[in-house]
Amino acid sequence: MKTPAYSLIIPVYNRPQELDELLTCIQLQEFRDFEVVVIEDGSTEDAAQIIEKYKASFDLAYYVKENGGQGFARNYAFERAKGNFFIILDSDALLEPTYLNEVDKAIKADNLDLFGGPDKDHPSFSPIQKAISYSMTSFLTTGGIRGKEKNIGGQFHPRSFNMGISRKVYEATGGFKITRMGEDIEFSIRCISLGFKSGLIPKAFIYHKRRTDFRQFYNQLHFFGRARINISRFFPKELKPVHFFPFLFFCYYVLTGLALLFFPSLGVLLFCGIIIYSLLVFFSAIINTKDYRIALLAIFAANIQLFAYGKGFAEEGLRKWLSNTSA
């Protein structure tokens, strides 16, 4: 049997409808030398019926395992995949028909071992999803580091929603070392530290659905803040000054709240800083999206993102500090 050029790795946890939409996109790929490996990671709502719809369309393998988290679900797929390159996709992604064409061209042109693509919002996404997408990629919230060719101080660090590795990278690393809490960034840093070449493929983007309401978004970004500290347990030098920005924002919010309670005049002055920041987000989002509704929602998304990330960063940082002092 011929070895496929690419194995598309998709872990799934209780998302059969989203998997259905992603597999439809894969079915329409112009580049056809691939297989798909779906890992059902302990779902209570499985995708078995969805899988049956596509088995005649392309090489599709489906495995069911006990829940162990997305990192180890990907490792499970790596062990069983047949391709020369593995492409990891989140189940809530959508692809253009040219996606694999762009990946294949870039790998051959740049001789990449480790690669990734950016994420965008799809025209069909809700206004909240588009506002969250703006917030997750804006210079005003991330410092412009997400989805850029150069990471701060080094090569591009692919993220697992749209990430690829060569088989030799897997064989050298053994896959993911941790299953959650920044497992993809830890993996990217480890791959680069071994000398593998990493690069961003701008045209190999996905449409990333993200969260559909602000409560889910808050929980996700709180987790991301904790994950950044967790990564520093493995690579302390990867904790950069820009990563403290959401923490400072969180502290500013707490200080503003306390000042409003005990020193109202100072509290009002501090609150004006939040208003000014929110106006900057609003006008930036207007320029970016050309939609006033999305720009208004972006104010909430940006403030939630920084506050939640900063809070998670602070909580996990305190845990790390307490762990170090008691050791």
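## A loop residue to start from

Asparagine 111 sits in the loop that joins helix 4 (99-110) to strand 6 (114-116). Helices (H or I, at least four residues) and strands (E, at least two) are DSSP runs, numbered from the N terminus. Asparagine 111 has a phi near 55°, which is a positive value in a residue other than glycine. The residue is exposed, with a relative accessible area of 59%. Here buried means under 20% relative accessible area, exposed means over 50%, and partly exposed lies in between (1.4 Å probe, protein chains only).

This is a predicted model, in which local features need pLDDT of at least 70 and side-chain atom pairs count only at pLDDT 80 or more, while totals for chains, interfaces and linings use all residues. Residues are numbered from 1 along each chain as its sequence is written, and side-chain values use heavy atoms, with hydrogens and water left out.

## The whole chain

The protein chain contains 12 helices and 10 strands. Its radius of gyration is 21 Å, which agrees with the value near 20 Å that a compact globule of 327 residues would have. That radius is taken over C-alpha atoms, and the globule rule is 2.2 Å times the number of residues to the power 0.38. Along the principal axes, the C-alpha atoms fill a box of roughly 75 × 50 × 40 Å.

Of the 327 residues, 52% count as buried. Among contacts (heavy atoms within 4.5 Å) with a separation of 6 or more, 80% are between residues 24 or more positions apart. The chain exposes about 15400 Å², and carbon and sulfur atoms supply 60% of that area. Accessible areas come from the Shrake-Rupley method with a 1.4 Å probe; for residues, only the protein chains shown count as cover.

Helix 1 (residues 16-27) has 12 residues and spans 16 Å from its first C-alpha to its last, close to the 16 Å expected at 1.5 Å a residue. The expected span is 1.5 Å times one less than the number of residues in the helix. The buried residues of helix 1 are Pro16, Leu19, Asp20, Leu22, Leu23, Cys25 and Ile26. Their cover includes strand 1 (6-12), strand 2 (34-41), helix 2 (48-54), strand 4 (85-89) and strand 5 (93-94).

Helix 10 (residues 245-262) has 18 residues and reaches 26 Å between its end C-alpha atoms, close to the 26 Å expected. Pro246, Phe249, Phe250, Thr256 and Ala259 are its buried residues, and they pack against helix 11 (264-289) and helix 12 (292-326).

Serine 43 lies in the loop between strand 2 and helix 2. Serine 43 is buried, with a relative accessible area of 17%. Leaving aside residues up to four places away in sequence, serine 43 touches Val12, Tyr13 and Asn14. Tyrosine 309 is 266 residues from serine 43 in sequence and 27 Å from it in space, C-alpha to C-alpha.

Methionine 181 is in the loop between helix 7 (167-173) and helix 8 (183-193). Its phi is near 60°, again positive in a residue other than glycine. Methionine 181 is buried, with a relative accessible area of 12%. Leucine 279, in helix 11, is partly exposed at 43% relative accessible area. The C-alpha atoms of leucine 279 and glutamate 186 are 35 Å apart, and the two residues are 93 positions apart along the chain.
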